[in-house]
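Please read it alongside the sequence and the model.

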Amino acid sequence: MKRQILMGVTIAITSVCSTGALADVVCHGQVVDEKGEPLIGAVVMVPGTQIGANTDIDGRFKLSVPDNTRDIQISYVGYKPQTMKVKKEIGQISMEIESTMLQDVVITQSIAKTRKTPIAISQISAPEIEAKLGNQEFPEVLKTTPGVWATPDGGGFGDAKINMRGFKSENLAVLINGLPINDMEWGGVYWSNWAGLSDVTSSMQTQRGLGAAIISSPSVGGTINITTRSTDAKRGGTAWYGMGNDMMNNVGFCLSTGLMKNGWAITVLGSRKWGDGYIQGTNFNSYNYFVNVSKRIGDSHQLSLTAFGAPQTHYQRSSQNGLSIEGWQEARDYMNGESPYKYNPTFGYDMHGQVRNSNYNHYHKPQISLGHIWQIDHKSSLSSTIYASFSSGGGYSGQGHGTYNGTSLSNSSWYGASSGNVNTLFRCPDGTFDYAAIQRMNMESTTGSNMVMTDGRNDHTWIGLVSTYKNEFIPKKLVFTGGIDVRYYVGHHYNKIVDLYEGDYYMNYESRKNVKSINNAAAADPDWKYEKLGVGDIAYRNYYGYVTQEGVYAQAEYTALDNKLTTILAGSLNGTSYWRRDKFYYDEEHERSKTKTFLGGTIKAGVNYNINRHNNVYVNGGYISRAPFFSYGVFLSSSTSNMINPDAKNSKIGSFEVGYGYHSPKFSLNADLYYTEWIDKSDKSTTRSGEIRTGELAGQYYSISLSGVKARHMGIELNAKYIPFNWMELDGMFSIGDWVWNSNPTGYFYSSEGYPLADINTGAIASGIMAPDHARATLNQKGRKIGGSAQTTAFVGVTFKPFKGFRIGADWTCSARNYSDYEVSSSAYDNGKVIEVADPWKIPFGNELDLNVSYRFKIGGVQATIYGNVNNLLNNYYVKDAYTQSDTAGAWNNAFRVIYSYGRTFSIKLKIHF
């Protein structure tokens, strides 16, 4: 069936393309600012149509226009629009600053400029995103840029992850219109919360290393800067419908007034995406909305109100449910001819025939911002944005206790797999998870449900202000930028029972038995832990996490030697405070923890020198002192305890980079070499896990929270573009890193619920956190490779535009030196002793070939574009993620939690412009 659909898509595109006329003019040019520097993301349009393009990282554009077109228009925020006569070689177009076009410094100051900003950058325009994304996750469009490792992770909608230079998402800064969106408690980004970004993005830029963003708490590994539509949106609208593999559907519209004579500009977008999901039992339903209302007030002021969000629901396959290599082959017996790598061990049915999956996520995280731009005079401005996010949602979290068929039950009894093996306690002969058996067990129980499902809610309120002042003290020479970055955040985390699975009630004994009466008076009643709970009642946790941050930042940029030399010096200071209020393990008198405050800051400097009109070199360096996170840092067990980690300290990061660039109309090359040293690393990656083998908690997972972690990241990155003909482009990238752990850290062990463990083999609970009987160990990991990212990546792409409106391209990406991550093996544990960490598994070379094609034509008097994408055209499966045990040298036959790439996927979309 899939082959027939794919063939139909190909025939449809080919049929439409065959009707195209060959008369066409391909315009080439370069857009530069008033200083002669390239403008990235400038819009080049045919007036009155939706035919357009964006300039690339060198300010260059290529636009195919109908042969009867007389003019094209070039526009960029903050500059006067330019109209140029159509011809093949337009040459260099110098833009003039428009006093009535106000620049939002909050947005523009975080955007790097080639041959000026001394950092490594890559730019992806909106047309490129639309042409190449298909039905991939939004971050995956960055996989062709140096140093980036983007994967679909477990495989659920929006569950993709992205790493940069070996740093995971919690150590990358993700900005939307200059505003941070990283989680305030642990630093990561859930891309499912921003599923509609591809529809509203006007440009996306990756800044590897220190980056150009000047918020008070910048990134360590890099910055992803996403700019959405605003007053630069053109008048008109679009509507689209798309479809793809596994019943994927995508429908939406966008309307924009453009900037009207009365100074108003309004853009509205709405879309929906739904489908069954590539992985078994991962159906999803996502909506997306975006509204921008802007008003220019005279020549000096502009207001802009933006609201967007993506409410979604989706079922998942957790990376925890990855199998061993052999386990995936055995899954062939369950898939009826489908790929075994689609198998989902938590997919199943209940006794009523209803589809079930214990991995379910639902979330809505809208962001609303109000920006004000004040052009004080011809050389100074003030941009301020106040923003707020009010999120609601969570994910399923199974709870369990008691026994079943002689086996102890726990929360991990809901897992589909453990240590790479399919869990068989609740398993049907066809491989599906046996939810009906859980229901029957609960119905027969005389003590209520043994296993229930809770909704692990993670609601939050986040309010912030970013205000930036910019002054060109010496025209075209010295520019000062400074401002404030203030944030207040409170997250409410609780588990609410949503399904008793045919039982009459549930007793949350496993959690309540760990509540101490000195913290919560209710625990003094021996019957309290046996209270009968029903749907809507709270189990396991109920706490509020608070984070406040106040920061200042400043930057000076000096240009000399006739714009050849640019020197930048920047710095910031910030104070971050954390506290929590716990309403489960503590009563009202004791619910509030102490407040812990950390002072952090940055200093960074860089120099770019343009040797001539083609060649430039740059160097940058910096030092960062970053506060530890609320979770995996400040609080030893952030879900269950107010106890603050006495060893919590700032991470210290030093970074140095040198780079070279060559830019010409036909060929461009960028190369850089970087070195980053990290001391006292404190984030999610410094918490290791393992499985309790025996005792009451057998099957549950433990973790060790490490302190004194050091890491070293260094590497070389190359990317190039060659345009041998007007109708052909070649792109390439190569990145090689050497990322290793650089210390032997020490840590304490906790259960999966956050309780201190006295013994990780039996799961015995200690008398208290960091008490004498609290299990601890030192991990001897110095010199071991950092897992979770391919340390060598490469890409070769080719794009053809042989005739009017038609584009076809192919991208080949490959990865090597991808190492498994590791779990701490309980067999190597001896309380207080050193655990030797063995070499990880070097995952084999992997590659895939993606195809994209589009054709622009007229239908019913309006412009239309049809897009087709086939990802992993050759249907090549390869390992993307894996784990091995710390005490055994990693190899294919002892790897577990193995996640393979997607096989062949496809999509087609028709977009109407009016």
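**Aromatic rings**

The count of aromatic pairs comes to 37, where rings of Phe, Tyr and Trp (its six-membered ring) pair if their centres lie within 6.5 Å, and planes under 30 degrees apart count as stacked, over 60 as edge-to-face and the rest as tilted. The pair of Tyr 315 and Tyr 360 is tilted, because the ring centres are 4.7 Å apart and the planes stand at 45°. This pair links distant parts of the chain, with Tyr 315 in strand β20 (residues 312-315) and Tyr 360 in strand β23 (residues 360-364), 45 residues apart. Helices (H or I, at least four residues) and strands (E, at least two) are DSSP runs, numbered from the N terminus.

This is a predicted model, in which local features need pLDDT of at least 70 and side-chain atom pairs count only at pLDDT 80 or more, while totals for chains, interfaces and linings use all residues. Residues are numbered from 1 along each chain as its sequence is written, and side-chain values use heavy atoms, with hydrogens and water left out.

- Tyr 315 counts as partly exposed because its relative accessibility is 25%; buried means under 20% relative accessible area, exposed over 50%, and partly exposed in between (1.4 Å probe, protein chains only).
- Tyr 360, at 16% relative accessibility, counts as buried.
- Phe 803 and Phe 806 form a stacked aromatic pair, with 5.0 Å from centre to centre and 10° between the planes.
- Phe 806 has a relative accessible area of 12% and is therefore buried.
- One aromatic cluster is formed by Tyr 404, Trp 414, Phe 426, Phe 433, Tyr 435 and Tyr 501.

**Charges over rings**

- The charged end of Lys 342 sits over the ring of Tyr 278, 4.5 Å from the ring centre; a charge sits over a ring if NZ of Lys or CZ of Arg is within 6 Å of the ring centre and within 35 degrees of the ring normal.
- Arg 512 lies over the face of Trp 528, at 4.4 Å from the ring centre.

**Salt bridges**

- A search of the whole structure finds 38 salt bridges, each being a side-chain nitrogen of Lys or Arg within 4 Å of a carboxyl oxygen of Asp or Glu.
- Arg 356 and Asp 350 are joined by a salt bridge between their side chains at 3.0 Å, N to O, and both residues are buried.
- Arg 440 and Asp 434 form a salt bridge at 3.9 Å, N to O.
- Arg 440 is partly exposed at 39% relative accessibility, whereas Asp 434 is buried with a relative accessible area of 14%.
- Arg 784 and Asp 839 meet through their side chains in a salt bridge at 3.4 Å, N to O.
- That pair links distant parts of the chain, 55 residues apart: Arg 784 is in the loop between β46 (776-780) and β47 (790-800), and Asp 839 is in the loop between β50 (834-836) and β51 (842-843).
- Arg 784 is partly exposed, with a relative accessible area of 23%, and Asp 839 is partly exposed with 46%.

**Cysteines**

- The count of disulfides is zero, a disulfide being a pair of cysteine sulfur atoms within 2.5 Å.
- Cys 27 is buried at 0% relative accessibility, and Cys 254 is buried at 7%.

**Helix α6**

- Helix α6 (residues 435-444) is mostly covered, with seven of its ten residues buried.
- The buried residues in α6 are Tyr 435, Ala 436, Ala 437, Ile 438, Gln 439, Met 441 and Asn 442.
- Their cover includes β21 (347-349), β22 (355-357), β26 (403-404), β30 (433-434) and β31 (451-474).

**Tyr 877**

- Tyr 877 lies in the loop between β53 (862-871) and β54 (879-885).
- Its relative accessible area is 24%, so Tyr 877 is partly exposed.
- The C-alpha atoms of Tyr 877 and Glu 848 are separated by 8.4 Å, and the two residues are 29 residues apart along the chain.
- Leaving aside neighbours within four places in sequence, Tyr 877 is in contact with Tyr 278, Ser 339, Tyr 341, Tyr 900, Ser 901, Tyr 902 and Gly 903; contact means heavy atoms within 4.5 Å.
- The side chain of Tyr 877 makes a polar contact with the side chain of Tyr 278 at 3.3 Å, and another with the side chain of Ser 339 at 3.3 Å.
- A polar contact is a pair of N or O atoms within 3.5 Å; within protein, one must be able to donate a hydrogen and the other to accept it, and residues adjacent in sequence count only if both atoms are side-chain atoms.
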